[in-house]
Every structure is written in C-alpha cells, then in structure tokens.
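Trainee: Could you walk me through reading the packing and pairing in a protein model?

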Amino acid sequence: LIPIYRHQVVPKMKLALLALLAGSAAAFAPANSASSSTALNVAEQEVGATAPLGFFDPLGYITDDEKFTRYRAVERKHGRIAMMAMAGTFVHNNKWTFDGYLSPSANLKFSDVDSGIGGLFQVPPAGLAQILVVMGFIELAWWPATQLDGDYGIRLGKVNNWEQEPAKKVRQQNAELNNGRAAMMGIAGIITQEVLTGQSLYEQASSGHWSPFGDGQGFF
C-alpha cells in the first residue's frame, strides 16, 4: 500500500507545507521538561534526561506527573514516526522500488512516483485512504496511543531482555528517544530543503549543493 519512490526532481511545495512543517516543531518544546510545581516521578525523569541538556523544559510546560507522562509519550511516538520517515527517505532516494503497479487503473507504477515529499501528491486518493485506514488501525487498536508507556511487548531475545537486565532497558529507551529526536530534526530539514531548493536529498548530495540559497549546483 505504501509506495517507495524513485529518484526524480522534487517539485516546489506551496507555502502551506512550510506552515505545516513549522507546526510540527511544537512537538519538540514540551518533550523533555524540567520546571515543575510538584515533585515529578524520579524514575520517569531518568529516561530521556541525557547529556548535555539533561532534564530540559526551558518554557516550563511540565507542571505535574500526568502532563510529563503524556508529553513523553507524544515525543516517543513522533520520534518513532520520524525514524521510519528517515529510513524511507534513504530507501526512496536509492531508487529501491516495488515491482509492478501502485495503481493499475491509473496506469501508475511504483517506479513512476517521485522521490521526496512531492511523491505523496502523486498517490491516488484511494491509495492515500488505504494508508490512513492502516494508520488508524495501528493508532487505535494494534499499538494504541492510549498506552502511554510505549512498551508493546516487542522483544528480540537477548537484544532487549529488559526483565533480566533492567539497566539495559534505560540505556535502550534513552537511545530510542535520542535517535527519535535526531530523526525529527533530520526529516524536518529534508522536507524544508526540498521545498526551498526543489531537489531531493540524493540530488542535493550528488551535486554538492548544501546551501538552500544557491542555484542547485555547487556548495553555494
């Protein structure tokens, strides 16, 4: 159901996309927090409070344990989605695609879909609807968002045998949160650069075009 895009020039997006991207930044501020009018649970604070920022809440969003738990769950979920988005970006920009047709009725092959954010707008409405249905099933039933600890019982043998090695649980949960934070910044940057330059990540890297203010060729 989910297309894997091939490399093509990504078209310019409308300013509305930038507004949507800017709105997603709100997820970062309340994620880690410090200022509190009550004593927050120390065990909960331990996960995610890593160097160099530690327990980070410069705007004072967190005032009680309930709010802390909710914002931590939101950060964790957004980080997981962003990590999948980054993985998809690397797959798409390497031109790894499914064989066959994304939409036989529209005569649209998987390999016909652009890489980058522009490819989303080439998926037929029925395809987007199917993606939304699957997302809703995951969000509401399979891995419900109401389970705020984010632990759905997935274990990979000794890789995360947390019951036998509790210290490993804290280390791996910290790694997940930090990787998710990096992925959120990474995918936000990739979408922004595509909007500003009209080039996919692959096109920017292959042309050495790292500045968003140039003509698409060279470093600047």
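The talk below goes through salt bridges, nonpolar cores, aromatic pairs and a surface patch.

Mentor: Keep in mind that this is a predicted model. Where shall we begin?

Trainee: With charges. How many salt bridges does the count come to?

Mentor: The general idea is that side chains of opposite charge can pair when their charged atoms come close. Here the count comes to 7 salt bridges. Take glutamate 75, whose side chain meets that of arginine 72 at 2.5 Å, N to O. Those two are 3 residues apart in helix H3, so about one helical turn separates them. Both glutamate 75 and arginine 72 are buried.

Trainee: Which other residue forms a salt bridge with glutamate 75?

Mentor: Arginine 181, with the closest N and O atoms 2.6 Å apart. Glutamate 75 lies in helix H3 and arginine 181 in helix H5, so this pair ties together parts that are 106 residues apart in sequence. Arginine 181 is buried, as is glutamate 75.

Trainee: On to the greasy bits. Which residues make up the largest nonpolar core?

Mentor: In soluble globular proteins, nonpolar side chains tend to be buried together. The largest nonpolar core in this model has 9 residues in all, including Ala82, Met86, Ala183, Met184 and Ile187. H3 and H5 each supply at least two residues of this core, and the largest share, 6 residues, comes from H5. If you zoom in on alanine 82, you'll find that it touches Gly180, Ala183, Met184 and Ile187, leaving aside residues up to four places away in sequence. Apart from that core lies another of 5 residues, among them Leu102, Leu108, Phe110 and Val113.

Trainee: How many aromatic pairs does a search of the whole structure find?

Mentor: A pair of aromatic rings is described by the distance of the centres and the angle of the planes. The search finds 5 aromatic pairs. One of them is tyrosine 61 with tyrosine 71, edge-to-face at 6.3 Å centre to centre and 90° between the planes. Tyrosine 61 is in the loop between helix H2 and helix H3, and tyrosine 71 is in helix H3, so the pair ties together parts that are 10 residues apart in sequence. Tyrosine 61 counts as partly exposed, at 35% relative accessibility, while tyrosine 71, at 18%, counts as buried.

Phenylalanine 98 and phenylalanine 110 also pair edge-to-face, at 5.3 Å and 70°. Phenylalanine 98 is partly exposed at 44% relative accessibility, whereas phenylalanine 110 is buried at 9%.

Trainee: Last one: which residues make the nonpolar surface patch?

Mentor: Phe137, Trp142, Trp143, Ile154, Leu156 and Val159 make a patch of about 650 Å². Leucine 156 is in the loop between helix H4 and helix H5. Its relative accessibility is 56%, so leucine 156 counts as exposed. Notice the tryptophans, too: Trp142 and Trp143 form one aromatic cluster with Tyr152.

Technical notes:
Residues are numbered from 1 along each chain as its sequence is written. This is a predicted model: local features need pLDDT of at least 70, side-chain atom pairs count only at pLDDT 80 or more; totals for chains, interfaces and linings use all residues. Side-chain values use heavy atoms; hydrogens and water are left out. Patches are made of residues with over 30% relative accessible area and no salt bridge: like charges are joined within 9 Å, nonpolar side chains (Val, Leu, Ile, Met, Phe, Trp, Tyr) within 5 Å. Accessible areas come from the Shrake-Rupley method with a 1.4 Å probe; for residues, only the protein chains shown count as cover. A salt bridge is a side-chain nitrogen of Lys or Arg within 4 Å of a carboxyl oxygen of Asp or Glu. Helices (H or I, at least four residues) and strands (E, at least two) are DSSP runs, numbered from the N terminus. Buried means under 20% relative accessible area, exposed over 50%, partly exposed in between (1.4 Å probe, protein chains only). Rings of Phe, Tyr and Trp (its six-membered ring) pair if their centres lie within 6.5 Å; planes under 30 degrees apart count as stacked, over 60 as edge-to-face and the rest as tilted. A nonpolar core is a set of buried Ala, Val, Leu, Ile, Met, Phe, Trp, Tyr and Cys residues joined through side-chain atoms within 4.5 Å. Contact means heavy atoms within 4.5 Å.
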